[in-house]
Amino acid sequence: MRLYSFRIQDFKSIKDTGEVKVSPDDNITILAGQNESGKSSILEALDFFENGADADFEDMYRRLNTHPRVECTYYLTTDELNDLERMSGSKGLRQYVQDNGITLVRGKTSEDDFTKMKYLNPNKLDILVKALNEPESTEDTEEEEEAT
C-alpha cells in the first residue's frame, strides 16, 4: 500500500490543506515554505494520523473546541489488488479500490474519537471486511485434495 494523497483540516495553524498529492515515482516529497508556515505541523498531523493522539493532545483540542481531521488515501499494488479480489471474491471491489484507492480518516467524523481510524466510505469496503472475517472457502481445500 502506498500513500497517494492526504488532507489536513483544523490542525494547529492549518485550516485546510486541500488534497496534497505525494510524489508517486521517486519517494521524495519536499515541504518548502517560510518559517512558521506549517511545514512541521504537516508532519505532526501525519504522525497523529499514524499513531493517534496522546492525552495532552486530546485535552488541548477538546479545550479549544477544535477537532482536527487527517485523511490519507492509499493505492494498492497489483499483488495487493489480486489478494483483495481473491479474498473478497469481488472483481467490482477490486476495480473500485484500483480506481479510488482506500481513504482512511482520523479525527473529526460523526463520532469524534481520536483513538480510532475509520474508512471514509465504509459502505463500499464492507465487502472486504466480511471477506476477511469469513473462513477460507472449501473449494481451495477440495482442489488441493484432488492434486495429491
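Does Y4 count as buried, exposed or partly exposed, and at what relative accessibility? Y4 counts as partly exposed because its relative accessibility is 28%, where buried means under 20% relative accessible area, exposed over 50% and partly exposed in between (1.4 Å probe, protein chains only). The model is predicted: local features need pLDDT of at least 70 and side-chain atom pairs pLDDT 80 or more, while totals for chains, interfaces and linings use all residues. Residues are numbered from 1 along each chain as its sequence is written, and side-chain values use heavy atoms, with hydrogens and water left out.

The chain has six helices and six strands, taken as DSSP runs numbered from the N terminus (helices H or I, at least four residues; strands E, at least two). Along the sequence they follow the pattern β-β-β-α-α-β-α-α-β-β-α-α. Of the 148 residues, 31% count as buried. Contact means heavy atoms within 4.5 Å; among the contacts in the chain with a separation of 6 or more, 61% are between residues 24 or more positions apart.

Six of its seven residues are buried, so β4 is largely enclosed by the rest of the structure. Strands pair if DSSP finds at least two bridges between them. β4 pairs with β1 in the antiparallel sense over seven bridges, and S5 stands opposite T73 in β4. Six bridges join β4 to strand β5 (residues 102-107), and these two also run antiparallel. Here C72 has L104 in β5 as its bridge partner.

A search of the whole structure finds two aromatic pairs; rings of Phe, Tyr and Trp (its six-membered ring) pair if their centres lie within 6.5 Å, with planes under 30 degrees apart counted as stacked, over 60 as edge-to-face and the rest as tilted. Y4 and Y75 form an edge-to-face pair, 4.7 Å centre to centre with 75° between the planes. This pair links strand β1 (residues 2-11), which holds Y4, to strand β4 (residues 69-75), which holds Y75, across 71 residues. Y75 counts as partly exposed because its relative accessibility is 25%. The rings of F11 and F48 have centres 6.1 Å apart and planes at 35°, so this pair is tilted. F11 lies in β1 and F48 in helix α1, so the pair ties together parts 37 residues apart in sequence. F11 counts as buried at 1% relative accessibility, and F48 is buried with a relative accessible area of 3%.

Helix α1 (residues 39-51) has 13 residues and reaches 19 Å from its first C-alpha to its last, close to the 18 Å expected at 1.5 Å a residue, the expected span being 1.5 Å times one less than the number of residues. Its residues S41, I42, A45, F48 and F49 are buried. Seen down the axis, the buried residues of α1 fall within an arc of 120°, so they line one face of the helix; the arc is that of the directions from the axis to the C-beta atoms. On the other side of α1, L43, E50 and N51 are exposed. G52 follows α1, with a positive phi near 85°.

Leaving aside neighbours within four places in sequence, V70 is in contact with residues including I8, A45, F48 and L104.
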